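Good morning, colleagues. Please look at the model on the screen while I take you through a few of its features.

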Amino acid sequence: MLLAFKRETFRIRAKDLWLFIVFGFAKFGLDGFYMYAVNNTSLVSANLMQLLSPYFALVISLFVFKESITVKKILAVLIAISGCILATGILFSDSPVTNEGMFAGALSGLCDAIFITGSKIIMDRRYSPLTALFYTFLF
């Protein structure tokens with residue numbers, strides 16, 4: 001429906017095409033690595049590893065957006081991940097954990113951080129959320 005009435009929503013600049021491709025691959029990696037992690041470790045372990053994305057986002061934003069890493073940000077991330085560890089009970093669980101599953105979960109977290117960073121870049125370039133969503137699933 002939007003394609004028929006709001007074609008400008010789907011127009012992107014050629015120089016930004018690479019962003020949408022990276023954005024699409026990050027979303028694919030986010031979901032794909034997470035599913036692999038769930039198949040090779042417990043759901044709790046996979047989810048916990050995916051929740052490493054704030055660490056990755058913090059480092060990525062340092063380089064991409066030149067944001068400073070403050071003590072508050074580090075404390076916030078440490079408190080958040082500590083809360084996740086305690087809430088999931090992973091320390092006291094006898095759930096199956098494999099290196100491949102944990103690595104895939106961490107890669108899922110990295111892809112999540114790339115996806116979030118890509119979202120910010122795309123929104124800063126004044127694209128509609130519908131445009132971002134359309135091209136995410138296209139690529």
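This is a predicted model: local features need pLDDT of at least 70, side-chain atom pairs count only at pLDDT 80 or more; totals for chains, interfaces and linings use all residues.

Residues are numbered from 1 along each chain as its sequence is written, and side-chain values use heavy atoms, with hydrogens and water left out.

A search of the whole structure finds 5 salt bridges, each defined as a side-chain nitrogen of Lys or Arg within 4 Å of a carboxyl oxygen of Asp or Glu. Among them is a network that links Arg-13, Asp-16 and Arg-125. Asp-16 pairs with Arg-13 at 3.2 Å, N to O, and with Arg-125 at 2.4 Å. Arg-125 lies in the loop between helices H6 (99–124) and H7 (129–138), and Asp-16 in the loop between H1 (2–5) and H2 (17–40), so this pair ties together parts 109 residues apart in sequence. Helices here are DSSP runs of H or I with at least four residues, numbered from the N terminus.

Is Asp-16 buried or exposed? Asp-16 is buried, with a relative accessible area of 0%; buried means under 20%, exposed over 50%, and partly exposed in between, with a 1.4 Å probe and protein chains only. Arg-13 is partly exposed at 40%, as is Arg-125 at 31%.

Turning to helix H4, residues 53–64, its 12 residues should span 16 Å at 1.5 Å a residue, and its end C-alpha atoms are 16 Å apart, which agrees. The expected span is 1.5 Å times one less than the number of residues. In H4, Ser-53, Leu-58, Ile-60 and Ser-61 are buried.

Terms used: Helices (H or I, at least four residues) and strands (E, at least two) are DSSP runs, numbered from the N terminus.
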